Amino acid sequence: MTSASATPTYTIDSAPQRSPGYWKGVLTRLARDRLAIAAGVVVLALVLMAVFAPLLTPADPFLASMLKRLRPIGSAGFPLGSDELGRDMLSRLILGARLSLFMGLAPVLLAFFVGSAIGVLAGYAGGLVNTAVMRSIDVLYAFPSVLLAIALSGALGAGIVNSLISLTIVFVPQIARVAEAVTTQVRRSDYVEAARASGAGALTIVRVHVLGNVLGPIFVYTTSLISVSMILASGLSFLGLGVKPPEPEWGLMLNTLRTAIYSQPWIAALPGAMIFITSISFNLLSDGIRSAMEVKQ
Amino acid sequence: MIFYLLRRIIYTLPIMLGVALLCFALVHIAPGDPLVSILPADASVELQQQLRVAYGFDKSLPEQFGLWSWRALHGDLGTSIASGRSVISEVFNAVGNTLILSAAATLIGFLFGALFGFVAGYFRGSRIDRLASLLSVIGVSVPHYWLGMVLAIIFSSQLMWLPATGASPDGGAQWAWDWVHMRHLILPAITMSVIPMGIIARTVRALVGDILAQEYVVGLQARGLTHLGIFLHVLKNCAPTAMAVMGLQLGYLLGGSILIETVFAWPGTGFLLNSAIFQRDLPLLQGTILVLALFFVALNLIVDVLQTVLDPRIERN
């Protein structure tokens, strides 16, 4: 579903010639991409909102009131209305950025470390190790992402930690595949051959030559997963498998407000709009970084 | 080609075994005793033991796995703990409904995605191209469960044109191909179609761009072919890949329909998974996941085989 149709195959043309000016070039190219800059600003604003949430909320996000349920948008004291328990929507949306961003970003970050480690190991070792590792990974790949996430968190039970574990397991194989592909390419390159001939040990080669050249492409691929992760993480909470009430999280808020789509439809749609804005900003930013780094796909 | 096909089929077997192993493991990674949901709180030790034997939880893990796979191969996925009915019959009733929804969504997504992608690729850099690219970014970025809610708000709660829940007016799970039932399909299918639409548009746009850059297209132009003639050539050349992507998307939608089915109360596998999860009905969860995952693996295989047969030029290794 939300996952890409196939693993992209990355190729590196002449990786080792990256001069110190390379990253400067990337930044210059990124700065010229107006859409990516706009997306970056939105992402930054969301992160700042999450960090400083307690200072920004105009009201207590947990204060419920049976008398003030589902007040319309723009009513006195409730700029964005109130939810099904009479809590201030604006405050809950602001505080919700914390858990929502955390639940979306953390699995991708964890999977970046685990997946790169597995992929680089398999790619560098080659041979039997590679076959064994990559075939096991193929099994996880045989599940559509949503199904795997729901199978795992459904079996483990609801909760923040279980949801993180499930999503990390969903993304590890995808990152490992890309990491393995680029590492295998680097391993076969002349400069690794030269390093080996000049007596460099395996550890040095991996640290200096392999990691230096594969982390960039893996990182770019990983950033493209953030938006999927945001949608899936909130989706799990939407199903009741992630964050538990009364904590504010956009997916969970969308779920509890579902009953309000006939009385206060636009309030019910607000948390989803936040997920959409976050997800599309990360997607546009990731696209921008990718073209700025000119990783060929 | 025959060798490739054979290899491809044989390669699928260990994957299927792995999928089965993972589904089997689901019951065992679950915290707590799988019998907890059917046992009364004051169950005697003897009763617990009896049920443990009845469900086969007393044997060693490899034994349990062997027994479970053997039964699964014979179409027996155990008994639902919550309903007491056989898992396989529950799953098959639901798979039909999910298939109807996903197939409709894939078709809509393919038609519009291919159209957008084609126009965008043909007129690269034009305003239409930029619009199509934007639409495909939106397609892959939008939380589809939210889009479903928004469509339900607009077309059901505000305009009252279409129903927003269930598959039939009487709330039953029985499907029929008439307007009364089809009305229920429209909103969920359109919501779901957004995902493949974005991906197919992206794929087709890239394909058309690549094909137009080929030398034979220049040759066609030199021979004086009209736009239409070249268009047909390009269409023929990008069809196999586009169809393959469509096949895979159908698989993703089948497995990923739970969120949309929840929004629209569609009586498919997603609905089944939902109830399995919240009633802690692990055999039902396990069986549904197994069937959906095997569907996905089989679909992948079929797509690969068809693609090789349709386009033998594609290099395989």
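Two residues are in contact if their C-beta atoms, placed from the backbone, lie within 7 Å. The structure is a predicted model, in which local features need pLDDT of at least 70 and side-chain atom pairs count only at pLDDT 80 or more, while totals for chains, interfaces and linings use all residues. Residues are numbered from 1 along each chain as its sequence is written, and chains are lettered from A and ligands numbered from 1 in the order in which they are written.

**Exercise 1. Is B:Tyr122 buried, partly exposed or exposed?**

Step 1: A residue is buried if 20 or more other C-beta atoms lie within 10 Å of its own, exposed if 12 or fewer, and partly exposed in between.

Step 2: B:Tyr122, which is placed in helix H4 (residues 87-122) of chain B, is partly exposed because it has 19 C-beta neighbours inside 10 Å.

Step 3: In chain B as a whole, which has 317 residues, buried residues make up 38%.

**Exercise 2. Which residues have the most contacts inside the largest nonpolar core?**

Step 1: A nonpolar core is a set of buried Ala, Val, Leu, Ile, Met, Phe, Trp, Tyr and Cys residues joined through C-beta atoms within 7 Å.

Step 2: The largest such core has 159 residues, and those with the most contacts inside it are A:Leu147, A:Ala149, A:Ile175, B:Met149, B:Ile200, B:Val204 and B:Ala293. Its largest share, 15 residues, comes from helix H4 (residues 89-125) of chain A.

Step 3: Take B:Ile200 and leave aside its neighbours within four places in sequence; its contacts then include B:Phe110, B:Ala114, B:Val245 and B:Met246.

**Exercise 3. How many residues of chain A are in contact with chain B, and of which classes are they?**

Step 1: The contact joins 38 residues of chain A to 46 residues of chain B. On the side of chain A, the largest share, ten residues, comes from H12(A).

Step 2: Ala, Val, Leu, Ile, Met, Phe, Trp, Tyr, Cys and Pro count as nonpolar, Asp, Glu, Lys and Arg as charged, and the others, Gly among them, as polar. The side of chain A that touches chain B accordingly has 24 nonpolar, eleven polar and three charged residues.

Terms used:
Helix = DSSP H or I, 4+ residues; strand = E, 2+ residues; numbered from the N terminus.
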